[in-house]
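This report goes from the overall fold to a few selected sites. Please keep the sequence and the structure in view while reading.

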Amino acid sequence: MRSAVAKICMLLVTAIMWAGPLFAQGDAAWLFGGHTKYQYLHTWIDSDSALHPISGDSLQDHYLEARFKARARRGRWDLDTHTQLVTMHSDTLEKFAGTSLLVFPAADVINDARRWFDLTHEIVHDGDTATVVRLDRASIAYTGDKTVLRFGRQAISWGTGLLFTPMDIFNPFDPAAVDKEYKAGDDMLYGQYLQDNGNDVQAVAVVRRDPVSGDVEQDQSSVAVKYHGFSGSHEYDLLLAEHYSQTVLGLGLSTDFAGAVWRGDLVWTDTPAGTVFSTVAGCSYSGVLAGHNWTGFLEYFYNGYGQTDGDDDPASLAANPELLQRLLRGELFNLGRHYLGASVTLELTPLVNITPNLFVNIEDPSALAQVVVSWDWRENFLLTSALNVPLGPNGSEYGGIELEQAGQYASTGASLFAQLAWYF
């Protein structure tokens, strides 16, 4: 534990020293804050599931995260650091880590194997218990009249999709994730230029390592430029990127029509297997129902990397390396091609919201039904719970994909998620 604390202290001191004397002056403004979050996930396993002999009737996962934020500003310069302490006590970690990426994608401990800088220290990783301390943000920025330059560990989000985000190629969220407050940071150089007409250009260079050799490699890194513009009441995005040595082009559009917001992204990728198109299109609307505010949206997602025949068995997936690579990197979370996503948030009271979500694989067919309840319990405390119910037959994505043994399916039952967050 001492070595871990010493390493983080050294990293923080290095970050401050790296920024130079800019923030050591008396007129530098410092801001501090953060949160702690406790999560509990209970997943039931059906008795006829191939997972049951390993998992038993259920899996229980406990997850505690503390995030400490420090930000300094002096003139046009900013220094931003987020230190994380993450600890978990997890049946899933003990029984399934490294065994099946598709069944339990979160059954592992966060690390910096691919990132340029190793800012994560593993304190404990033993069976069902793991604790790490890390820097999830560590960047210095300069803000001019029209220009922003930022270097270090940071996060960006691109694209118009609300559930499915094919244009967001840097650490996108799982569509079914309940907590989407912070996405994991990457080590990058970021720049933005704001034009007089309100349009802007953003550019990033993300440097990564080969997770096997540990060497910085160009074919593991990314360079991207995105132009965001306005045309009347319409907005558009143009994306050009080289991502893991593959050319990516993107077009995003959003507009208001008939009281709703309509949006969509089209992404084209030149892969060794040929050209791949992915797209998301949807609309969102808000109103008042029986005196309660509500917002909702519907999205269609075409996953160009998905299985064309709907077969999700290991042999079929192995024949689709472009899909598997993106699943492994956490860029995709869906196996099929055609999806519908729907979400409605109803404000029961000013402090309580209920959000039913539905994710449908149209071809299987199978689905994941989710109900999220958020309660602003008291000042600086937020309680969130969610019930997830997979629907579909054996052999389908949400009903349970087939394993190597014929007639064996990795099916799970419902799961219950609960999180208590305290902000300071």
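## Overall fold

The protein chain holds 5 helices and 21 strands. Helices (H or I, at least four residues) and strands (E, at least two) are DSSP runs, numbered from the N terminus. The radius of gyration is 22 Å, close to the 22 Å of the globule rule for 424 residues, so the protein chain is as compact as a globular protein of that length. That radius is taken over C-alpha atoms, and the rule is 2.2 Å times the number of residues to the power 0.38. Along the principal axes, the C-alpha atoms fill a box of roughly 65 × 60 × 55 Å.

This is a predicted model: local features need pLDDT of at least 70, side-chain atom pairs count only at pLDDT 80 or more, and totals for chains, interfaces and linings use all residues. Residues are numbered from 1 along each chain as its sequence is written, and side-chain values use heavy atoms, with hydrogens and water left out.

## Surface and contacts

The accessible surface comes to about 20700 Å², with 60% belonging to carbon and sulfur atoms. Areas come from the Shrake-Rupley method with a 1.4 Å probe; for residues, only the protein chains shown count as cover. Of the 424 residues, 42% count as buried. Buried means under 20% relative accessible area, exposed over 50%, partly exposed in between.

Contact means heavy atoms within 4.5 Å. Among contacts with a separation of 6 or more, 55% join residues 24 or more positions apart.

## Serine 90

Serine 90 lies in strand 3 (residues 77–90). Its relative accessible area is 6%, so serine 90 is buried. Its side chain makes a polar contact of 2.8 Å with the side chain of aspartate 61. Such a contact is a pair of N or O atoms within 3.5 Å; within protein, one must be able to donate a hydrogen and the other to accept it, and residues adjacent in sequence count only if both atoms are side-chain atoms.

A polar atom of the serine 90 side chain also lies 2.9 Å from the backbone nitrogen of leucine 93. Beyond four places in sequence, serine 90 contacts Gln60, Asp61 and Asp128.

## Phenylalanine 424

Phenylalanine 424 sits in the segment after strand 21 (415–423). Its relative accessibility is 40%, so phenylalanine 424 counts as partly exposed. Leaving out residues up to four places away in sequence, phenylalanine 424 touches Gly33, Gly34, His35, Thr36, Arg67 and Phe68.

Note on methods. Buried < 20%, exposed > 50% of the residue type's maximum accessible area, 1.4 Å probe, protein only.
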